[in-house]
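Good morning, and thank you for the time on today's agenda.

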2 protein chains.
Amino acid sequence: MRKQHQISEKAYQASGFIGKYQDLVADVVIPWQEKILWDEAPDTEKSHAIANYINAGKVLRGEDAGDGFYGMVFQDSDVAKWIEAASFSLMNKYDPELDKELEKVIGYISAAQDKDGYLNTYFTIKDKDKRWTNLHEAHELYVAGHLIEAACANYEATGKRVLLDCMIRNMEHIYDHFITNGNPGVSGHPEIELALMKLYKITGNQHALELCSHFLNVRGTDTEYFIREADNRDWSVWGSNPRDEGDLEYRQADKPLRQLEKATGHAVRAVYLYSGMADYAIETEDEELMSSCKRLWNNITQCKMYVTGGIGSTVLGEAFTVDYDLPSDTAYAETCASVGLMFFASRMLEYDVSGEYADVMERAFYNTVLAGMALDGKTFFYVNPLEVDPGISGKAPTHKHDLPVRPKWYQCACCPPNVARLIESFGKYAYGENEDTAFCHMFAAGKVTFGNGLSLECETDYPHDMHIAYSVTGTGKIAIRIPSWSRNTEVAVDGKIITPEMIKGYMYLNVNGPVRIELHLDDAPAFIYPSSRIPKLSGMTALRRGPLVYCFEGVDNGSVKALRIDRDSSPEVASFSEELQANVLKVKALREEDSAELYSEVPPAAAPCEATAVPYYTWGNRGETEMRVWMQ
Amino acid sequence: MRKQHQISEKAYQASGFIGKYQDLVADVVIPWQEKILWDEAPDTEKSHAIANYINAGKVLRGEDAGDGFYGMVFQDSDVAKWIEAASFSLMNKYDPELDKELEKVIGYISAAQDKDGYLNTYFTIKDKDKRWTNLHEAHELYVAGHLIEAACANYEATGKRVLLDCMIRNMEHIYDHFITNGNPGVSGHPEIELALMKLYKITGNQHALELCSHFLNVRGTDTEYFIREADNRDWSVWGSNPRDEGDLEYRQADKPLRQLEKATGHAVRAVYLYSGMADYAIETEDEELMSSCKRLWNNITQCKMYVTGGIGSTVLGEAFTVDYDLPSDTAYAETCASVGLMFFASRMLEYDVSGEYADVMERAFYNTVLAGMALDGKTFFYVNPLEVDPGISGKAPTHKHDLPVRPKWYQCACCPPNVARLIESFGKYAYGENEDTAFCHMFAAGKVTFGNGLSLECETDYPHDMHIAYSVTGTGKIAIRIPSWSRNTEVAVDGKIITPEMIKGYMYLNVNGPVRIELHLDDAPAFIYPSSRIPKLSGMTALRRGPLVYCFEGVDNGSVKALRIDRDSSPEVASFSEELQANVLKVKALREEDSAELYSEVPPAAAPCEATAVPYYTWGNRGETEMRVWMQ
């Protein structure tokens with residue numbers, strides 16, 4: 001039932017906006033993360049992640065463990081995500097130094113693998129006997145998943161099998177533990193499921209598919225497993241109690257996956273799991289499981305998603321909460337969760353080429369994912385609020401997590417490398433293919449070669465300019481998504497305006513190249529109105545142009561809280577900001593007079609003014625200042 | 001520097017609205033609470049509070065402790081607050097059965113007092129050796145404070161000295177521990193300070209004043225005390241760590257009290273402490289300490305108070321947070337904190353007869369304090385949100401504390417008896433006096449006899465009707481507050497309209513009775529506008545009539561979230577609800593069409609309608625339904 005699949009990142013050579021971001025990641029982010037992993041970055045959180053591998057290798061060779069293990073129980077995954085990002089980067093722009101560096105790090109990882117295939121520095125260094133005794137908290141399968149993903153990317157990029165073979169051995173070890181030896185349990189943090197599907201697709205290894213099937217089929221069936229496991233051991237990582245109310249729902253393990261109705265629990269775990277479910281369902285034509293995915297998708301995008309594509313609105317457990325609970329100021333909206341939402345969207349697109357998936361994928365990318373990283377690639381947001389007030393955000397007890405400026409790194413450093421790997425693999429999400437059709441899901445400048453014989457060059461200043469031109473060569477079918485937000489779209493083929501055949505938000509064309517396809521998408525800024533079902537957004541309006549949601553910052557506007565947008569006016573592009581490298585919008589507004597009196601019975605005086613909005617992804621790049629997406 | 005002081009509750013015989021509430025408390029609340037304390041109430045939280053006293057007495061007599069101690073470490077205070085409420089109730093309506101019942105309970109308390117004066121069932125039953133080793137958490141001085149207050153009220157009501165003498169002995173025990181023997185430390189939960197001042201005023205006991213002075217002067221000077229204390233013991237009540245960031249600020253013990261600038265920490269502790277500070281400052285003419293009180297008052301009422309008079313906006317620690325952080329839906333706004341705000345206001349009024357204090361006292365009473373109890377006196381709110389959505393409130397992880405309907409009782413049962421004692425002592429807050437003037441701070445129907453020879457009968461249906469008539473006899477001065485919200489007030493003396501002399505919101509009249517003073521306060525419903533400094537209230541409006549803040553409930557309006565109030569219209573009284581026994585308001589509004597689409601670019605269709613508002617204190621009396629104070 002697969003309608004199309006991602007292209008290889010090798011098939012896409014980026015230019016334009018995406019090209020610049022890939023260069024930034026290659027030139028700044030990947031080297032910076034490498035320094036951090038090696039503990040060579042000044043004034044930042046200690047990582048120790050590579051040292052952990054080196055020390056685990058020593059332990060296995062019977063040597064002294066040196067300075068032992070440091071970091072989160074899943075510290076290994078930071079290295080995995082970096083390898084994955086760096087490998088994608090090699091496909092975009094080959095760098096022999098980086099290739100060599102990857103070889104070196106992969107060497108340390110291989111040396112940290114036990115003879116039986118086991119590979120996890122936390123347990124190898126700290127206590128071998130505790131292996132597999134804490135699936136609830138200890139992230140062993142999560143780390144394995146990230147390493148498998150890294151191995152697949154490294155193999156795809158370089159053809160080298162060192163990490164791939166290492167992770168096949170590790171997968172076989174896990175297979176033996178759970179299937180051959182019949183040990184019970186599933187991972188407290190899903191991730192391995194989608195990784196096993198990647199491994200299966202690359203290697204055809206049936207054990208990978210079988211193991212994925214096992215984890216998906218077992219999940220949610222034995223609701224006492226985590227309790228028994230906890231009762232059988234005398235240690236814990238964080239003291240999580242599997243008897244806590246909602247613990248299983250939090251881990252998406254409360255009921256069999258085919259019965260899930262609503263997205264629950266830790267948002268990143270959720271979308272990683274749902275992505276793995278979709279991968280498996282598509283591969284095995286499991287319609288029942290796919291229906292589950294569709295229900296979960298609908299619940300997320302129709303009841304639990306911010307206008308910025310952020311998901312997981314509460315800091316308490318970094319989790320989904322009840323429907324329509326979408327606060328702007330206390331939002332969690334973890335960067336990783338939006339990366340995961342893009343994963344899920346991309347899988348759903350494989351099953352059903354429909355604009356509803358690509359629209360969300362684009363919304364998440366251009367807003368929350370990009371906002372996760374500063375414009376200079378040097379600082380990162382883990383949490384992506386839609387409203388910041390420097391007097392309250394980061395200060396009030398309920399707002400400690402909502403920081404007004406990006407820190408350099410995090411002790412739990414999942415988000416920065418997640419952004420890096422996403423950007424470096426953008427081609428996979430932007431373009432797809434099947435035997436006879438080339439799919440353009442997102443507008444990404446650069447050259448693409450498809451398997452069906454078509455190739456194209458996309459020229460555009462998107463997302464700043466809504467004109468996109470494809471020069472296509474070869475003969476075949478091409479399907480280009482027209483975003484649902486584009487209310488007036490002009491399509492021209494070789495200069496002649498056409499009315500294309502549209503199916504589920506995509507225009508389908510038979511191409512006999514060379515041919516030039518041009519799109520003029522709607523470039524008018526537009527107001528967005530929330531459903532009245534979202535209590536926190538009563539009477540609010542947001543602003544959008546193209547795929548970019550805009551926000552209002554104090555640095556441009558003074559007190560943003562005192563601004564009232566004139567919804568009867570038409571917002572306009574005011575200028576292109578050199579500093580932000582983005583279009584700035586202006587909109588008519590009223591400014592309420594400041595009042596020190598908390599409550600007054602005199603309507604506040606208000607004077608007309610112009611309000612300035614900048615793309616949400618550029619917020620927080622000019623110091624600590626107020627910010628709002630939703631305006632009264 | 002005392003300008004006036006509270007009257008005795010005996011001097012006020014209530015009728016009208018307050019009289020009905022006092023009857024409700026006497027007939028329903030006090031007997032119900034008594035049943036709970038005796039563990040005779042069905043289907044509710046177990047209390048065991050009187051059994052604790054009985055068991056502590058057994059321990060002291062060397063008998064078996066029976067079923068031992070049960071409940072919170074401060075369970076004793078539930079009995080104290082009930083005694084206080086019941087004693088006030090005796091002053092309002094003498095009930096020999098209740099008097100006898102009080103004697104019986106007081107007998108158990110006396111029997112639970114150790115020979116050295118120590119009195120606390122938790123430590124007496126559980127471990128005598130742990131006395132005074134955990135001021136940080138264990139509430140020993142807090143419980144003593146509530147018992148002292150109960151003793152003062154019982155003595156005032158009945159002239160009986162059993163509990164008073166018991167608590168004088170207890171106070172002397174505490175005096176010996178902290179002053180004679182020089183043991184360091186202050187209470188983690190203030191309360192004893194204001195209680196000691198009450199004891200001093202009633203008995204003239206200098207040790208009570210000295211002990212209060214000691215606790216106030218020492219507080220905030222030794223910032224390592226709680227840490228040393230914790231290091232010196234091997235047990236804890238809740239595992240609170242005095243090394244936690246902000247712990248001292250949380251307990252108002254981070255700096256000397258004369259240096260405090262902002263209200264911080266646990267809101268109830270804060271206002272109890274500030275009340276004690278004001279009592280002491282007034283008594284000893286300590287202007288420096290009084291300046292502190294004034295700064296704290298200003299900070300609370302100008303930056304940290306809900307329009308309903310609720311304070312302490314965050315559930316995390318039941319605490320004050322940063323200025324202007326006043327969310328409606330996640331509000332904590334504990335009932336006890338507003339009771340405490342009335343205490344503080346009443347003290348500030350003693351120092352300075354100014355409407356600013358009485359206005360806040362009235363705001364807190366008619367809105368948050370009354371909302372804390374159901375109209376039938378049978379269920380109670382601990383938390384008083386300004387917005388409730390049954391799909392989210394009580395369900396989302398960040399909204400678990402905001403319940404849409406009142407429970408019967410709480411494990412931590414501080415609020416219900418606090419409301420009861422406040423209502424039964426309403427006269428003390430409504431009326432004051434000094435040698436030559438009678439003060440009317442709040443409009444309370446009934447008869448009052450003042451020390452200056454004046455007596456009055458107040459006839460009014462306030463807060464439902466804004467006409468208040470005083471029939472005054474005797475000769476002297478009277479000062480009647482004109483609320484700041486009354487923009488048009490008509491005053492007539494013996495039918496003749498006058499322009500009275502106004503000082504700080506009070507009109508002062510020389511009376512030569514009998515004379516009839518009539519007030520017609522402004523009875524027009526009015527909109528309230530929030531300062532733009534409150535991020536959560538951007539674009540919102542609330543509604544008020546007289547002292548009553550109104551709210552909109554789903555049961556009257558359907559979806560309240562979809563309503564947009566027409567601010568250019570004039571809200572009107574629509575009817576008097578028999579069910580709620582209160583005026584219902586109507587206001588023109590627009591109703592947005594429901595949209596299942598989370599975000600739309602089409603402005604929502606809206607149809608004109610009438611919206612219905614009911615007094616905030618009556619909310620949640622008609623089942624689980626939406627509720628909002630602030631409307632778009």
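Please keep in mind throughout that the model is predicted. In general terms, side chains of opposite charge can pair when their charged atoms come close. Over all chains, the structure holds 90 salt bridges.

How many salt bridges are there between chain A and chain B? The count is 8. Another salt bridge links A:Glu601 with B:Arg544, with 2.5 Å between the closest N and O atoms. Polar contacts across the interface of chain A and chain B involve 22 residue pairs, with both residues at pLDDT 80 or more.

Which elements of chain A give two or more residues to the side that touches chain B? They are helix H13 (287-303), strand E15 (526-530) and strand E21 (599-600) of chain A. E15(A) provides the largest share of that side, namely 5 residues. Sorted by class, the side of chain A that touches chain B has 29 nonpolar, 14 polar and 21 charged residues.

Turning to the extent of the contact, 64 residues of chain A and 64 residues of chain B take part. The area buried between chain A and chain B is about 4700 Å², and carbon and sulfur atoms give 55% of it. Within chain A, the residues that lose the most area to chain B are A:Leu598, A:Tyr599 and A:Glu601, together 19% of what that side buries.

I now come to the empty spaces. Rolling a probe the size of a water molecule over the atoms shows where empty space is left. The structure holds 12 cavities of 30 Å³ or more. About 260 Å³ of space lies in the largest cavity. Which residues are the closest to the centre of that cavity? Of the 22 lining residues, they are A:Lys536, A:Leu537, A:Met540, B:Pro535 and B:Lys536. The lining of the largest cavity divides into 11 nonpolar, 4 polar and 7 charged residues.

The second largest pocket holds about 780 Å³ of space. It is lined by 28 residues, and the closest to its centre are A:Gly246, A:Glu249, A:Gly265, A:Phe320 and B:Pro397. By class, the lining of this pocket has 8 nonpolar, 7 polar and 13 charged residues.

Finally, the backbone. Most residues other than glycine have a negative phi, and most peptide bonds are trans. Where do we find cis bonds in this model? One joins A:Gly513 and A:Pro514, with omega about 0°; A:Pro514 lies in the loop between strand E13 (506-512) and strand E14 (515-520) of chain A. The peptide bond from B:Tyr462 to B:Pro463 is also cis, with omega near 10°. B:Pro463 is in the loop between strand E7 (455-460) and strand E8 (467-473) of chain B.

As for phi, B:Glu318 has a positive value of about 50° although it is not a glycine. B:Glu318 lies in the loop between helix H13 (287-303) and helix H14 (335-351) of chain B.

Note on methods: Residues numbered from 1 in each chain as written. Chains lettered and ligands numbered in written order. Predicted model: local features only at pLDDT ≥ 70, side-chain atom pairs only at ≥ 80, totals over all residues. Heavy atoms only, no water. 1 Å grid on protein atoms, 1.4 Å probe; cavity = no way out; pocket = protein on both sides within 12 Å on 5 of 7 lines; lining within 4 Å. Points joined across faces, edges and corners; volume = space filled by probe spheres on them. Nonpolar A, V, L, I, M, F, W, Y, C, P; charged D, E, K, R; others polar. Contact = heavy atoms within 4.5 Å. Buried area = accessible area lost by both parts, 1.4 Å probe. Salt bridge = Lys/Arg side-chain N within 4 Å of Asp/Glu carboxyl O. Polar contact = N/O pair within 3.5 Å; in protein donor to acceptor, adjacent residues only side chain to side chain. Helix = DSSP H or I, 4+ residues; strand = E, 2+ residues; numbered from the N terminus.
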